[in-house]
Amino acid sequence: MKRVQAGLKLVFARLGMYLAILGPGLITASADNDAPGIATYSMAGSTYGYRFLWLLLVITVGEVVVQETAGRMGAVTGKGTADLIRERFGVKVTAFAMLCLLLANLGTTVAQFAGVAAATELFGLSRYITVPLAAALVGFVVLRGSYEHVEKVLLVLCLSALSYVISAFMIKPPWGEVLRQAVVPSIQFDTNFILAVLATIGTTITPWGIIYMQASVADKGVDLQKYRLTRMDVTVGAVWGNVVSAFIIICTAATLYVVGISVETAEQAAMALEPLAGVGARYLFAIGLLGASLLAASVLPLSTSYAVCEAFGWERGLNQRPRDAAVFYGLYIGIIVLSVLTVLIPGIPLFPLMWLSQSMNAILLPVLLVLVIKLVNDRRIMGEWVNSRFQNIFSWALAIIILLITVVLFISPLLGMQAPG
Amino acid sequence: MLYLSQLQGKQVWDAWSEPLGKFQDVLVGNVDQPFPPVRAIAMETPDGAERLIPASQLSGLFPSILLKVPGEEVQPYTPKGDELRLVDRVLDRQIVDIDGRRVVRVNDVQLARLRDQFCITGVDVGGQGLLRRLGLEPMAQAVASRLKRRLPAQVIPWEDVAPVQDTDPLRLRISRDKISQLPPADIAAILNDLDRRTGEALARGLDNETLADMLEESPADVQVNILSQLPPERAADILEEMDPDEAADLLADLPPQTTEHLLDLMEDEDAEDVRALLAYPEDTAGGIMTTEFAYVPSGLTVREALEYLRNSEDASDDEVMYYVYVLDSADVLQGVISLRDLVMAPPDKPIEELIETDPVVVYPLTSQNEAAYLIAKYNLLAIPVVEEENGVMLGIVTVDDALDAVLPTAWKKRLPRFF
């Protein structure tokens, strides 16, 4: 009897430990399916059918490797990414890396507010009212420090991304074909296809995902002996996020690609949920989009200005008064204001704005990626926790492939590679 | 003024103007002094090896690094083991600015020639240092002078600098001694701004009293992290040092077994107070009250009462002692008098004639908002908490703890995780 009790106790202790450590991975992974994420996968699925599924498979491995690296650096050093970059590479490299981070995150924040605009317009509300309102709301909630309560509400809203999974099973796509496309690579050489590939990479493996992952693991203070649990969290999170992404592609491919609609607006994207929700599809889609946009819009500008201030040693954090941390608050407000203004430019197409910002993300990613690879292989920083050979090969391959795709993208107009339609 | 960044990557020349190698680092000694002297410079020879040149053979550092002797006569410097490498360990690192009580990043290190040797004078943590590192200083300088302004310089004298990212225990101790002189709230803020590992290493080395004071000023998650890093006996000692209400709050955030274990290790008297407090929910008067308050038995004169207080352990534990409470033999609250009125009263007057006999009280399960409201309404500095059935006095809620309930302190505004 005593034995059973002790055994049970152990099981519960283990379970509690797992639950306590699970977290950052799942949050970053849910953020994969933020507004630009949904836009990108919808665009990819509706334009190229199931052809992006194999890419997603590769990206999933890439995300696991990159996020695990970031988590490991946080666990071993207890420091943020920007902090390590500054200490190891000095001011010039740091300034360049932070500029790239700022650009990438500004683009993604613009995409989040574009998501707000697209979602609320599905409800028939003008973006000129809702977007400034959303910005004020985000700023108010975060600066007041009540983000913690709101986070849960927003995460629940994000669960509506699950409706893609249900929807996909109701549509009954040709599963054999889906599986075949998931393992057989297919490539197309035109500018739009390349941009779409970059966007898919850039919305899944993000600069801010790296920074956020490392920061949250560092701040939690993971015991290295229990590091396996963090690794599991990261892996499960990345795989889970990409399963949902795959279902977005499957849904849009099975409903829109087959009838020749290439998504250019939120109305069209919402049609992928019609088999599940009928006329309510646009509202279901809008709610999910809104939740994801607001969640990311709350975290993203904040983590960006935190990282920049960390790198340059300026006062930072919400426990500082604005007078003491002028740069921190200035950057934070600046990013939000600039994003809102961009979205409010009359006639700017929201959907392309959302996914094209992710292509830019991918183009800027190698800068951070190369620095991270160098840091994680530095024995003075990581000790015995440096990368394994596989991790190195994969990380370098990822950085180089993105660079090559970028080069191809920029020379493609010269080669006369035009979009077929 | 000479800056470390101006030396980086420069050629080192010997007395015959022959290039010897590339400058790499500066080694300084006696870092606990206000102006630590440069002991040697490190340079990279053309074949990639590192070579240390003693400061005594340096003729000048700026505008170019020049030796007094020809290359072949340079005596190599043998490190004594206590040198601090500036580029490697100080530049770009976080340090604590003792005077400004904050964590800053070193953008540059200022060097100067003092009599016949070079030494550190301060560290540049301002924008000018950043611009210099980016190679933009002359341009910014030109713009600034056009605008008839001066670039803001922020150089902290070395005396006020506490390097913290260091593996050398001796240097870390010096830094810790400097930091522990600061007010506990500032120590808490500094440790919170540092990266986790460094912050916890510093905290572990503080003495029990400083650490207890600092923990009281820290957010809950930091408290839990630091306490769980300590050996249980030490953690228990620190909990004894803390005010019972703060200790109870902290223990409430720990896993139940740990709480029990720590309570068992604490001295019985302290543990009992904390246990009593742990029984009340956190958002009630019982949850935020402290059990340490000054009281006197009834039937004393003013002189006797003051004498009693001087010898009373409970009174000496009372953090602020705004009021003195009069209790009967069963600890039932009879009345209250402010310390001011007690001190100003004629010594022979019976205390019963002075006390307010029907004070405003709260019960342990009164909400903390209600307690805060009563304190504000009656302009009190503390409000007594009594047992509802029999009037036995349990503790007091002070105005600062009550205010925390209504106006969360800056710490509580933290987002989850980093930001």
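Predicted model: local features only at pLDDT ≥ 70, side-chain atom pairs only at ≥ 80, totals over all residues.
1. One facing pair to look for is Val123(B), which stands opposite Ile156(B) in β13(B).

2. Now widen the view to the sheet around that pair. Its 4 strands, all from chain B, run in the order β1-β11-β12-β13, forming an open sheet with antiparallel pairing. The edges are β1 (2–3) and β13 (155–157) of chain B, each of which pairs on one side only.

3. Lys148(B) lies between α3 (137–146) and β13 of chain B, and its phi is near 55 degrees, a positive value in a residue other than glycine. Lys148(B) counts as exposed because it has 6 C-beta neighbours inside 10 Å, and the cut-off for exposed is 12 or fewer.

4. Lys172(A) is not a glycine, yet has a positive phi of about 55 degrees. The loop that holds Lys172(A) runs between α8 (163–171) and α9 (175–183) of chain A. Lys172(A) is exposed too, with 9 other C-beta atoms within 10 Å.

5. Another backbone detail sits in chain B: the peptide bond from Phe62(B) to Pro63(B) is cis, and its omega is near 5 degrees. To find Pro63(B), look in the loop between β6 (58–60) and β7 (65–67) of chain B.

6. As for the overall layout of chain B, the domain assignment gives domain 1 (2–146), domain 2 (180–279) and domain 3 (295–405). Between domain 2 of chain B and domain 3 of chain B, the C-alpha centres lie 28 Å apart.

7. Chain A is built from helices, with 19 helices and 0 strands in its secondary structure. Of its 421 residues, 54% count as buried. Among contacts in chain A between residues at least 6 apart in sequence, 85% join residues at least 24 apart.

8. Just after α4(A) comes Gly78(A), with a positive phi of about 70 degrees.

9. Which residues have the most contacts inside the largest nonpolar core? They are Phe113(A), Ala114(A) and Ile249(A), in a core of 131 residues. Leaving aside residues up to four places away in sequence, Ile249(A) touches Tyr41(A), Ala44(A), Gly45(A), Tyr50(A), Phe52(A), Leu53(A) and Leu56(A). There is also a second, separate core of 74 residues, which includes Leu27(B), Leu67(B), Ala188(B) and Leu227(B).

10. Finally, a word on confidence. Chain A has a mean pLDDT of 86, with 88% of its residues at 70 or more. Among its elements, helix α5 (residues 81–122) of chain A has the highest mean pLDDT (95), while helix α1 (residues 2–21) of chain A has the lowest (54). Please read residues 17–22 of chain A with this in mind: their pLDDT is below 50, and the stretch has 8 contacts in the model beyond near neighbours in sequence.

How values were computed. Residues numbered from 1 in each chain as written. Chains lettered and ligands numbered in written order. Domains from an automatic or database assignment. Helix = DSSP H or I, 4+ residues; strand = E, 2+ residues; numbered from the N terminus. Core = buried A, V, L, I, M, F, W, Y, C linked by C-beta atoms within 7 Å. Buried ≥ 20, exposed ≤ 12 C-beta atoms within 10 Å, placed from the backbone. Contact = placed C-beta atoms within 7 Å. pLDDT = per-residue confidence, 0-100. Pairing = 2+ DSSP bridges.
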